[in-house]
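Please open the model in a viewer and keep the selection tool at hand.

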Amino acid sequence: MSGAALGLEIVFVFFLALFLLHRYGDFKKQHRLVIIATLLAWYLCFLIVFILPLDVSTTIYNRCKLAVNSSPAESNGSYVTLAPSKQKCFKPWSYIPDGIMPIFWRVVYWTSQFLTWILLPFMQSYARSGGFSITGKIKTALIENAIYYGTYLLIFGAFLIYVAVNPNFNLQWNQLQTIGIAAANTWGLFLLVLLLGYGLVEIPRSHWNGAKRGYLLMKTYFKAAKLMTEKADAEENLEDIMEEVRKVSESIKYNHPLRKCVDTILKKCPSEYQERMGRNMDDYEDFDERQNSYPSEKSLAKLHKQVIYSVQRHRRTQVQWQILLEQAFYLEDVAKNESSATRQFVHTFHSQEPENKIIQYFYTPTVEWYWECLLRPWFYRVLAVVLATFSVIVVWSECTFFSTKPVLSLFAVFIQLAEKTYNYIYIEMACFLTIFFLSICVYSTVFRIRVFNYYYLASHHQTDAYSLLFSGMLFCRLTPPLCLNFLGLTHMDATISHKNTQPTAYTSIMGSMRVLSFVADGFYIYYPMLVVILCIATYFSLGTRCLNLLGFQQFMGDSEMTSDLIDEGKELIRREKRKRQRQEEGENRRREWKERYGNRDDSTRSRAFHTDQKESSFSETNANRSLSKYTRSNGRTERDRIELLQDAEPLDFNADSVTDDPLESDSGR
């Protein structure tokens, strides 16, 4: 089993990262380099989280071997026996041979650092550039990142000067490497505590609120009102951009040197706008025969960038609107079925996607009713209590992990108790659950946050390239300090435990943080205590209240603005529901008409066709003319009657009142 666990986790983590990237990215439309770079960044970060527990168990076994070698001992198979106390050091099932983990961590760590500080920022600027050639995009990316790279070089230079001026240090390559690692980890820890403080409270609270059907439905109505505003804004923005493209396309003719740039812009436009605009070129007119002011290539590149952004935003809002409608209809169905006497779940609308026959066989309407109406709320409540317990343990350990005598960190207590009995499975499970929960709190916050419209991770393949690359940067910067914080909570870091023991392979590549004592003994130890203040602020929704005061509408139950948006969203959902009901009823009527009168319609059309042929052949006689006229008009009347019945939509007699709202009038038409 030596190394087998490492290989299995490497394969499993790769498919996990691939699955998440497929959910948020679009493999067909986005550039392959963007997909590969994002996949590599996510994969390396998830890999560190999953492999670190194996490093901990291997380190504990190596410490046991060192203790055995320093005392009289005798070897027996896969374990070592201490002669005086007859203590056994069993080799863990996931033991990784010496020399593999340091090389593995060195490759993973420095690759992730190269991605987050050099490659991904450059690719971000390259992806957002509106240039029409590779050279132009590279030039734009270099200019945009000049200030970015210069800022970090300035910070590294400040650390370098500090070490050079201090007479207690000698400048060596290992110390310079440690300074760079300390600077990166300091920046990452600063952001890590902010995200962790939000996730420790919000994740248990979101699961607790998930058991409240009324709460979720009201929040969905609130989201519908906000999303409709964003959707209308995206459509208006797209119309304005397409109007500019139309003017540019009409002004730049076929033989203009910049016509290729215009054609590139037109290819990025939606198909309906391409058909509407066309080329509108006069082949007999040359561009130099008319004294017009033509746009420059720089302005076309800016327009190209705006087209890419507006089209992506418009498509994303359209997809999100449909997803939100399905969610609202589902929550309304749950509310209706809770009082069902038959205890069978009934959907208002049938699923548009074909269901799996195996799932449909086991997940019957009765099973669905018991799960959705009875079991699921209780499951979410129990899960919320478990997550809240973990959050309390994390907050306590973050505030007390620097204490070694006595050991106050609960995670360190658990690991040390298991270390005495060398229960490696328990050690690995405890380490995995701890670091997995910390990662969920941090990574889920990265997936939830939204920086206006520049950074937004949207599921169902609606995330743009810039946001994907930005998420990869955040993951690579947050994961190393997250792992160091975990090792500090469990006292596996010698800097925290102050013990002269063998460090983990992950800690060994970080070097000795004693080069920067104010970072190792000050910032790393006391800054994580700030998580208590952040958790309190998140619990009382101070950030949400501040955003409300600034004009950014947030969901708050005691706000008048929230109530107005809930009412607006409820009306929007009601209109969309009536529209979909009319569409389904119209389709059912057409289907029934075709099944009942399909043959009669064909015979009527056949008789009308033969009568028309008869009229054209014998048009010289008056009797035949009148007969053909009667037959032709009869056939036309029959066809018109069929088409009118097919196009007719049922009237909504359940509406509260007749209104002149344009949304309802459009849907009625």
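The structure holds 28 aromatic pairs; rings of Phe, Tyr and Trp (its six-membered ring) pair if their centres lie within 6.5 Å. The model is predicted, so local features need pLDDT of at least 70 and side-chain atom pairs count only at pLDDT 80 or more, while totals for chains, interfaces and linings use all residues. Residues are numbered from 1 along each chain as its sequence is written, and side-chain values use heavy atoms, leaving out hydrogens and water.

Select Phe12 and Phe50. Their ring centres are 5.9 Å apart and their planes stand at 65 degrees, so the pair is edge-to-face (planes over 60 degrees apart count as edge-to-face, under 30 as stacked, and the rest as tilted). Phe12 belongs to helix H1 (residues 4–24) and Phe50 to helix H2, 38 residues apart, so that the pair links distant parts of the chain. Helices here are DSSP runs (H or I, at least four residues), numbered from the N terminus.

Next, select residues 424–448, helix H13, and residues 465–489, helix H14. At what angle do H13 and H14 pack? The angle is about 150 degrees, and the axes are 11 Å apart; axes are lines fitted to C-alpha atoms over the stretch in contact, and angles run from 0 to 180 degrees between N-to-C directions. The contact residues divide into 14 nonpolar, three polar and no charged. In this scheme Ala, Val, Leu, Ile, Met, Phe, Trp, Tyr, Cys and Pro count as nonpolar, Asp, Glu, Lys and Arg as charged, and the others, Gly among them, as polar.

Now select Lys29, Gln30, Ala127, Ile308 and Ala465, which lie nearest the centre of the second largest pocket. A pocket is an open set of points on a 1 Å grid over the protein atoms alone, with protein on both sides within 12 Å along at least five of seven lines; lining residues have an atom within 4 Å of a point. This pocket has a volume of about 1,100 Å³, a volume being the space filled by probe spheres set on the points, which are joined across faces, edges and corners. Its lining has 33 residues, and H9 gives the most, with 10 residues. By class, the lining comprises 13 nonpolar, 10 polar and 10 charged residues.

Note on methods. Helices (H or I, at least four residues) and strands (E, at least two) are DSSP runs, numbered from the N terminus. On a 1 Å grid over the protein atoms alone, a cavity is a set of points where a 1.4 Å probe fits but cannot get out, and a pocket is an open set with protein on both sides within 12 Å along at least five of seven lines; lining residues have an atom within 4 Å of a point.
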